[in-house]
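Work through these exercises with the model open beside you. Try each task before you read its solution.

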Amino acid sequence: MGRTVVGDESQLDAQVDSIFRSGCSVQVGLLVGKLGTGSSRDLVFALVPTPQKDGEEAASLGPGDPKGPKDAGSKKGNKGKPAPDGVPIHISTDWVAEHARQVSRMLLGGIHVVGIYIFSSEGSFKSSLATLWKAVTAVAAVVQSANEGDASEYLLLHIASSPRRLSCRSCPGNASFSATTLRPCDWRTGKILNNLQEFSCSYTVDIRYPVVVDQPTKKLESLRKYLYSAIADEAKRLQTAQAIVDGSLAQSDSVLGAGSPVHEVEFIQPLGGRGVPGSICNGMKSKGKVLFKGDLHARAYGIVREPLSRAVADLKGDIVASLKSRLELLVDEAEEAEEDARMQEQDADYSPPPETLLSSQLSLDVKEHSFAMPKRVLVPWLEGAMICDYMLPDEKLWDVQERCMDLFGMEQTMEITSVIEPEILGVVPEVILSVPAQTIQIPRGNALSANVDLKTKESMAVKKEIPSFIYSFLFAFAALTLVIAILFSRFYTQKE
């Protein structure tokens with residue numbers, strides 16, 4: 001056997017029982033857990049069934065038949081007359097990958113989509129290995145892009161319908177399919193969710209990044225590009241931060257024990273770690289600055305006997321992932337608004353849409369545009385673990401409930417009152433597009449960084465915009481005044 005995969009027995013047993021009770025003949029979904037928690041040891045916390053899309057199941061029996069059996073109607077899979085054993089499985093690979101992308105956005109640090117599961121007969125499974133491999137690699141590509149991870153292998157869990165049996169295989173995320181691509185794993189079950197430990201922090205963000213054009217005749221570059229560049233610079237800067245866990249400096253060789261399951265973390269920048277503005281980009285003109293400001297709530301999960309350094313790295317990753325997710329939602333909303341506006345401009349009753357992150361680029365006569373970033377909320381999910389969602393300013397907790405029920409297959413009993421809003425008392429994060437009236441000099445990279453007093457940073461920014469000749473004039477004037485004072489003092493002394 002190759003890798004060892006351990007599934008949480010209480011969670012998975014209940015979910016597999018639910019699949020059998022549904023009476024479906026085939027079902028596909030995501031595996032959520034942690035890869036590589038030990039030497040070739042992976043963990044599976046839960047199964048997340050892929051929902052229907054436009055009334056069609058994500059998996060069905062029979063190639064090229066996305067609707068499956070004519071009497072299919074269950075949200076949990078295809079019901080109907082038992083199909084002959086060995087009928088190949090059809091999977092909507094693009095939809096399963098999109099489901100993985102949306103679920104990944106809602107998972108907190110340290111917990112990821114680690115593969116897919118398929119419920120089917122043994123014969124259908126064996127006749128569909130190439131199809132299943134394609135689905136695994138599509139999910140792997142999405143997850144690696146979303147989390148910037150370097151995991152090389154993902155999991156395929158088969159739940160056999162008759163006899164009831166679970167088996168697991170690993171699949172290289174970038175290998176071509178062959179008879180040996182899907183390698184058997186040593187599948188086990190145990191109590192793992194009660195070994196989770198929670199790490200959380202409040203992280204102050206104040207990132208500034210220039211929006212520039214190379215020549216005055218060129219149009220403004222894509223705002224999305226500069227927003228991502230700002231976040232990438234912040235991610236690099238964050239890697240140098242030291243972690244203070246429960247009031248003590250985190251040691252690189254520490255291992256998570258069976259102590260307190262909840263930990264508070266603070267990130268401190270080392271001296272000289274904030275970065276210094278680089279050389280001036282001569283000949284470049286600025287159309288403004290992009291600013292991220294506010295307090296972010298970050299959270300990650302480690303597991304007993306895991307290195308503390310990994311939990312800290314997962315918490316840092318959660319900060320960056322949270323910034324990216326909020327940005328994507330803002331830009332997606334702006335693009336939809338712009339598209340709707342273009343389609344409705346011919347209508348007599350057309351009224352301009354509210355200002356969005358992209359439309360602000362066109363209003364260069366306005367000094368500053370401020371947009372509240374989506375607010376992060378936490379939703380109870382598994383024993384000892386939560387998921388998150390992001391609320392746009394015009395959304396309510398009902399929208400969070402609907403997304404969780406749809407994407408995670410949560411039951412109707414989910415209580416809105418159980419949703420936690422950790423950022424409601426802090427400074428709500430926002431994005432600002434600041435448009436100066438004149439050309440300014442632009443430093444390379446991130447000029448200012450996080451975890452510094454906002455007022456101090458604002459004064460630093462003002463100083464950077466004062467032309468250098470003013471400083472020269474003030475220095476010369478002060479020196480001349482000093483010389484005159486000295487000469488006058490000597491003259492007065494000699495006269496006496």
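**Exercise 1.** Decide how many residues of strand 3 (residues 41-49) are buried.

*Solution.* This is a predicted model. Start with the cut-off: buried means under 20% relative accessible area. Apply it along strand 3: 8 of its 9 residues are buried. Strand 3 is therefore mostly covered. Now take the protein as a whole. Of its 496 residues, 47% are buried.

**Exercise 2.** Find how strand 1 (residues 4-8) runs beside strand 3, and which residue stands opposite G7.

*Solution.* Look at the bridges between the two strands. There are 4 of them, joining strand 1 to strand 3. The two strands run parallel. Then locate G7: V44 in strand 3 stands opposite.

**Exercise 3.** Describe the packing of helix 2 (residues 93-106) and helix 7 (residues 397-408).

*Solution.* Two packed helices are described by the angle between their axes and the distance between the axes. Here the angle is about 130°, and the axes lie 11 Å apart. That angle makes helix 2 oblique to helix 7. The crossing of helix 2 past helix 7 is left-handed. Next, list the contact residues. Helix 2 gives H99, Q102, V103 and M106. Helix 7 gives C404, L407 and F408. Sort them by type: 5 are nonpolar, 2 are polar and none is charged.

**Exercise 4.** State how many helices and strands the protein has, and what share of its contacts join residues at least 24 apart in sequence.

*Solution.* Count the elements: 9 helices and 19 strands. Then take the contacts between residues at least 6 apart in sequence. Of these, 76% join residues at least 24 apart.

Methods:
Residues numbered from 1 in each chain as written. Predicted model: local features only at pLDDT ≥ 70, side-chain atom pairs only at ≥ 80, totals over all residues. Heavy atoms only, no water. Buried < 20%, exposed > 50% of the residue type's maximum accessible area, 1.4 Å probe, protein only. Pairing = 2+ DSSP bridges. Axes fitted to C-alpha atoms, helices over the stretch in contact; angles between N-to-C directions. Parallel < 35°, antiparallel > 145°, perpendicular 65-115°, else oblique. Left-handed = near helix turned anticlockwise from the far one by under 90°. Contact = heavy atoms within 4.5 Å. Nonpolar A, V, L, I, M, F, W, Y, C, P; charged D, E, K, R; others polar.
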